[in-house]
Amino acid sequence: MRDAPTSFRPLAQQLLPAVVSVQVSTAPTARNAARPDAPDAPQAPPGSPFEEFFRDFLERNRPPGQGGPGQRPGQPPQQQRRGTSLGSGFIIDAAEKLVVTNNHVVEGGTEINVVLNDNTTLPAELVGTDPRTDIAVLRIKTDRQLTAVEFGNSDEAQVGDWVLAIGNPFGLASSVSAGIISARSRDIRQGLYDDFIQTDAAINRGNSGGPLFDMSGKVVGINTAIYSPSGGSIGIGFSIPSNLARGIVAQLRDGGRVRRGWLGVNIQQVTDEIADSLGLKGGSRGALVARAQEDGPAAKGGIRNGDIILRFNGQDVREMRNLPRIVAETRVGTAAPVTVWRDGKEETVNVTIAELPADQAEAQARGSTPAQPPRSQVVELQGLGLKVGPITPEARERFSLRPEQRGVLITEVDAGGNAAERDLRAGDVIVEVQQERVNTPQELQTRIEALRRQNRASALLLIEGAQGQRFVPLRIREEGNQRRN
């Protein structure tokens, strides 16, 4: 504990002038349609518990009134209220008057104001936003001299290091809280690029967009989310790492939008079973390519379905979720070397990175009623908990299978079997076994039996279903049931 500061006062006094409150007005919304004559709530700091208390109390205790849909003739029109939200931000460039905050703080706003540490309110304009990483950049309209802070190196911020969070929780501006970095690289399922810093510094509603400082006064994170059953801080907050934010902010400042690298692959996690099936030593790592999209950068560069991407442009892919972030941060047009595991050995291909296209519409869900081929053609795969058959014209129509679709159709899944554990369903198509094509139920059965004779614990299946292609390691023998040679 020799490095524990005796006081955070000098650092807080240095940093407070660069931290701002962000006030966002949204389009007017209707008052309570059933009770428009209720009195207005007393003014309290927006986002504070008092504001919520007064609003809920007065809404419950309005006398029966008029207005809203279905109002009687002569009743007054429904009143409108302008929405207001609060967040935090920090000045990153004093010359250009730029402020960084969260996208969700300013999203849908029609008017944005920034409140400085001395309570001066200044108008601001939106420079650009990136919903994928929840980052926004504002420009303050003022001739005043401002104080700015710098991004630090978030990779150097380690678990146990002291950090300082400054922001506007519950409308209480310029609030300072201290804590440590609790964990790194958190995935909280907010998007493809999750890589959050976790901290126990108090972060509450209104802190969103505020900075997380290291002890040198550099910004190592942008506070963006909390875990809390109660709505208040319980010591689990999440910040966007500065090394991810820095490039996003630079692109928003320069062009108002973000250009991301695109590889053009559908990927999935490499499990121990998949690694074992493909002979990958060292346990589960990398990202398994379920499909290299036709005419995408990966397919053009020689990446194939079933490859495991181990390194991309010099960076190790420790697990699947690392790859989208690494690719996104790669400059468009870069010829990136990609190391893959293929046919039991490593190979390197070069892929020219393209720009991530606009999101595609999700494919329509397929029908759920199984189309049964003639019973004489159905094969039961013993011990796997499923039955399979050929792709008939009826099944192709029922499941909206592509005209060129090939493989073996799953016709029935035992609810208590191995296949059900892997979420296989009637209507899914088995395309490959151990990265080799199968076209008939008999061929599939032969491959499975051959793997059993090799004493393999599982078979790696390429499955095509309603959600696209994925690899599934399916257990083909029970643990402890070793075959004798």
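Visitor: Where is the place of Glu464?
Guide: The model is predicted: local features need pLDDT of at least 70, side-chain atom pairs count only at pLDDT 80 or more, and totals for chains, interfaces and linings use all residues. Numbering runs from 1 along each chain as its sequence is written, and side-chain values use heavy atoms, without hydrogens and water. Helices (H or I, at least four residues) and strands (E, at least two) are DSSP runs, numbered from the N terminus. Glu464 sits within residues 458-465, which form strand S26.

Visitor: Is Glu464 buried or exposed?
Guide: Buried means under 20% relative accessible area, exposed over 50%, and partly exposed in between (1.4 Å probe, protein chains only). Glu464 has a relative accessible area of 8%, so this residue is buried.

Visitor: With the side chain of which residue does the side chain of Glu464 make a polar contact?
Guide: A polar contact is a pair of N or O atoms within 3.5 Å; within protein, one must be able to donate a hydrogen and the other to accept it, and residues adjacent in sequence count only if both atoms are side-chain atoms. At 3.1 Å, the partner of the Glu464 side chain is that of Gln469.

Visitor: Which residues does the UniProt annotation "binding site" cover?
Guide: UniProt positions follow the numbering used here, feature names are shortened, and annotations may be inferred rather than shown by experiment. The entry is unreviewed.

Visitor: What distance does the polar contact between the side chains of His104 and Asp134 have?
Guide: His104 is placed in helix H3 (residues 103-106). His104 is partly exposed because its relative accessibility is 37%. The polar contact that joins its side chain to that of Asp134 is 2.7 Å.

Visitor: Which residues does His104 touch, not counting residues up to four places away in sequence?
Guide: Contact means heavy atoms within 4.5 Å. With residues up to four places away in sequence left out, His104 touches Asp134, Ser208 and Thr224.

Visitor: What is the relative accessible area of Ser208?
Guide: Ser208 lies in the loop between strand S9 (196-199) and strand S10 (211-213). Beyond four places in sequence, the residues it touches include His104, Val105 and Thr224. Ser208 is buried, because its relative accessible area is 16%.

Visitor: What separates the C-alpha atoms of Asp194 and Thr133?
Guide: Asp194 lies in the loop between strand S8 (175-186) and S9. It counts as buried because its relative accessibility is 7%. Asp194 and Thr133 are 61 residues apart along the chain, and their C-alpha atoms are separated by 8.0 Å.
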